[in-house]
Amino acid sequence: MSLQHSSTPELLMDIFSILFGHFGHQGWWPGQGETEISVGAILTQNTNWNNASRAIQELKNYCLLTPQKIRELDEEKLASLIQSAGYYNQKARKLKYFMQWLKEYHDDWRLIRKENTIGLRRELLSVWGIGKETADSILLYALEKPVFVIDTYTRRILSRHYLCSPKEKYDNLQTLFMENLPQETSLYNEYHALLVQAGKHYCRKKPACEKCPLWGFNGKNQGSQLSPP
DNA sequence: CACCAGGCAAGTA
DNA sequence: TACTTGCATGGT
């Protein structure tokens, strides 16, 4: 694999290929339904997926994983059910607000696909408890819109290899990926999941480690920063 | 024991 | 705009 990249799209695709070759297909959130995926996106905020998935399972056990059931549930009861996800009081409220919004503006998913992605994203961001990453996760994984999700792993992996600043803004990174890659949902889905997987295993601490599959993608040496450091 | 995990909102300067 | 803090469980 050549490390001389003539363009940003080429560099981004090379990184994808390396990660895919190393970690393989990730299969994030396949066929679980809009509600389960959106609830998962909220429950996993600043929490590992293991704890979040337990909370989901708890809701499933009592057949409460529907917008209407969550709206009907007492907030304290909901909080106790999702305890394993941490921040359970906050997250119970977030789920309540989200499901309320879903009913008021979209008749519980029924009207949501008629809206354009930009408008939907703005709406999601206006809901209390939904920030950029959660909004984009819902758009990409639940609604299958071609929206690239940025998270702390993405920023860290890239900055460890001097491909961006460790403080690079969310919107800048998102634009970078979306303007330099084909806008395909399946690619964005796999790419983000691979970055998370890579981030879990490598480059947690400075500097980047030699074992990382992206070792060699060094923007400093090659002058191929994706954005100003 | 310390540290971290698929963030966000609200407050401060 | 750019930082800081509260929120909280469970794994390593």
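The model discussed here is predicted. With that cut-off, 25 residues lie around DNA strand B, and Gln45, Asn46, Asn48, Gly131 and Thr134 come nearest. Helix α8 (132–142) and helix α11 (185–201) each supply at least two residues of this surface. The most comes from α8, which gives five residues. Sorted by class, the surface near DNA strand B has eight nonpolar, twelve polar and five charged residues.

DNA strand C has its own set of neighbours. The residues around it are Asn46, Thr47, Asn48, Asn50, Asn51, Gln83, Ser84, Gly86, Tyr87, Tyr88, Asn89 and Gln90. Two or more of the residues in this surface come from each of α3 (49–61) and α6 (88–106). The largest share, three residues, belongs to α6. The class division here is two nonpolar, ten polar and no charged residues.

Chain A has twelve helices and zero strands. Its C-alpha trace spans about 55 × 35 × 30 Å along the principal axes. For 229 residues, a compact globule would have a radius of gyration near 17 Å, and the 19 Å of chain A agrees with this. Of the 229 residues, 34% count as buried. Among contacts between residues at least 6 apart in sequence, 68% join residues at least 24 apart.

Chain A is divided into domain 1 (8–27 + 149–222) and domain 2 (34–142). The C-alpha centres of domain 1 and domain 2 lie 27 Å apart. Seven residues from domain 1 and six residues from domain 2 take part in the contact. On the side of domain 1 that touches domain 2, α11 gives the most, with three residues. That side divides into four nonpolar, two polar and one charged residue.

The largest nonpolar core has 57 residues, of which Leu43, Ala55, Leu78, Ile82, Leu95, Ile138 and Ala198 touch the most other members. Domain 1 and domain 2 both give residues to this core, so the core lies between them. Ile82 shows what the surroundings of one such member contain: leaving out residues up to four places away in sequence, Ile82 touches Leu43, Ala55, Glu58, Tyr88, Lys91 and Ala92.

Helix α9 (residues 152–160) has the buried residues Thr154, Arg155, Arg156, Ile157, Leu158 and Arg160. These buried residues pack against α10 (170–180) and α11. Just after α9, Tyr162 takes a positive phi of about 55°.

A residue is buried with 20 or more other C-beta atoms within 10 Å of its own, exposed with 12 or fewer, and partly exposed in between. Asp108 has 16 C-beta neighbours inside 10 Å and therefore counts as partly exposed. Beyond its neighbours within four places in sequence, Asp108 is in contact with Pro67, Leu102 and Lys103. Tyr170 is 62 residues from Asp108 along the chain, and the C-alpha atoms of the two are separated by 29 Å.

Technical notes: Residues are numbered from 1 along each chain as its sequence is written. Chains are lettered from A and ligands numbered from 1 in the order in which they are written. This is a predicted model: local features need pLDDT of at least 70, side-chain atom pairs count only at pLDDT 80 or more; totals for chains, interfaces and linings use all residues. A residue is near a molecule or strand if its C-beta atom, placed from the backbone, lies within 6 Å of it. Helices (H or I, at least four residues) and strands (E, at least two) are DSSP runs, numbered from the N terminus. Ala, Val, Leu, Ile, Met, Phe, Trp, Tyr, Cys and Pro count as nonpolar, Asp, Glu, Lys and Arg as charged, and the others, Gly among them, as polar. Two residues are in contact if their C-beta atoms, placed from the backbone, lie within 7 Å. A nonpolar core is a set of buried Ala, Val, Leu, Ile, Met, Phe, Trp, Tyr and Cys residues joined through C-beta atoms within 7 Å. Domain bounds come from an automatic or database domain assignment. The radius of gyration is taken over C-alpha atoms; the globule rule is 2.2 Å times the number of residues to the power 0.38.
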